[in-house]
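Biologist: I've got a new structure to look at and I'm just starting out. Could we go through it together?

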Amino acid sequence: MFYETAQAPTVAPVFAEPLRIYTGLLGQIGDIVMFSATLRRLKELFPNSRITCAVSRKYREAGELLEGLPYVDRLFVTKLYFEKLTPLYFQPWERGWPLDLRGEDEVVEERQHDLVLPTRPRHRRSPWWEYAHQVEELAHMVEVPGPIDCRTEIAIPEGTEIAEKAVGKIVLHNDPVTDPRKAWPWEHLARFVSRWGAEEFVLLGSPGPLLPGVLDLRGKTTLAQAAEIIRLSRCYVGIDSGLMWIAGSLQVRTVGLYGTDYIAAYEKVQPVNPLAVYLQAEGCLERIAPAAILSALEQTLVR
């Protein structure tokens, strides 16, 4: 790793000359948002560099939330995500061997850069959460030295428009795409909503069970529009997801739900957000009662 052999300074720039740097994360929404901290650190170390941030075509919209950040000079969208990760190659890749999953478009793009960092990194130590926060771990995975400021950031594209009826509501999100263990029981959510007042809420994410009286915009917004709705909300209430990381990046009042069924150290996967209250269950999220979220929401709104 270059920073071990060159003894890169932790504060001063590593290299003052202009470099073309290629990196990014071919992951999902939350991973891409988390990677903003690594990109910011790269610009600190290489202040005169031109940084190209790569994302997959599947998650282009998440990449567009980074495109306007001052330390991202260019967005590159790859044609492939993990399409070349066939069953034959899965075990070597899972164990950390450097399989080449790039498409020709990415190979050509990389050759136009001076410094090329991984876009499909794997954890280099296990269990990783015993060593670092997830944001720090992403930087470690692509060999960017710390210290890493774990704050994440996004830039909502200029001109993003949302419906007036969605402004100033409490945002709800409860449909985990990656793992059902992240979800709060829908019957709990229904009781919570009815006790607070359904007209106060807007639902974002993917379509799911109906909640009568709630403004349901699931599947009806772009990611940028969802981010703008969150930015203009009274509060965000949701599970561990990409939208949670968007809320944290925008420093929106938040009530977040986490359980150890999904990951043993939930504090290592929570966004840095001074306006957030994170409720944590030992086990599944079913153990978090509606009354606990009502209390947390009241506490959050008076901050």
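Biologist: Which residue just after α8 takes a positive phi?

Modeller: First, keep in mind that this is a predicted model. Helix α8 covers residues 186-196. Just after it, a positive phi of about 125° turns up, and the residue that takes it is Gly197.

Biologist: And within α8, where do the buried residues lie?

Modeller: The buried ones are Trp186, His188, Leu189, Phe192 and Val193. An α-helix has 3.6 residues a turn, so residues three or four places apart point the same way. Looking down the axis of α8, the buried residues fall within an arc of 155°, so they line one face of the helix.

Biologist: Which residues are exposed on the other side of α8?

Modeller: The buried residues of α8 have cover that includes β5, β6, β8 and α11. Over on the other side of the helix, the exposed residues are Ser194 and Arg195.

Biologist: What about α9: how many of its nine residues are buried?

Modeller: The buried residues of α9 pack against α2, α4, β5, β6, β8 and α10. Among those buried residues are Leu223, Glu228 and Ile230. Helix α9 is largely enclosed by the rest of the structure, because the number of its residues that are buried is seven of the nine.

Biologist: Now the surface. Does Tyr89 count as buried or partly exposed?

Modeller: Tyr89 sits in helix α5. Together with Leu88 and Leu99, Tyr89 makes a nonpolar surface patch of about 290 Å². Buried would need under 20% relative accessible area, and exposed over 50%. Tyr89 has 38% relative accessibility, so it counts as partly exposed.

Terms used
Residues numbered from 1 in each chain as written. Predicted model: local features only at pLDDT ≥ 70, side-chain atom pairs only at ≥ 80, totals over all residues. Heavy atoms only, no water. Buried < 20%, exposed > 50% of the residue type's maximum accessible area, 1.4 Å probe, protein only. Helix = DSSP H or I, 4+ residues; strand = E, 2+ residues; numbered from the N terminus. Contact = heavy atoms within 4.5 Å. Patch = residues over 30% accessible without salt bridge, like charges linked within 9 Å, V, L, I, M, F, W, Y side chains within 5 Å. Areas by Shrake-Rupley, 256 points an atom, 1.4 Å probe, with all protein chains shown as cover. Salt bridge = Lys/Arg side-chain N within 4 Å of Asp/Glu carboxyl O. Arc of directions from axis to C-beta.
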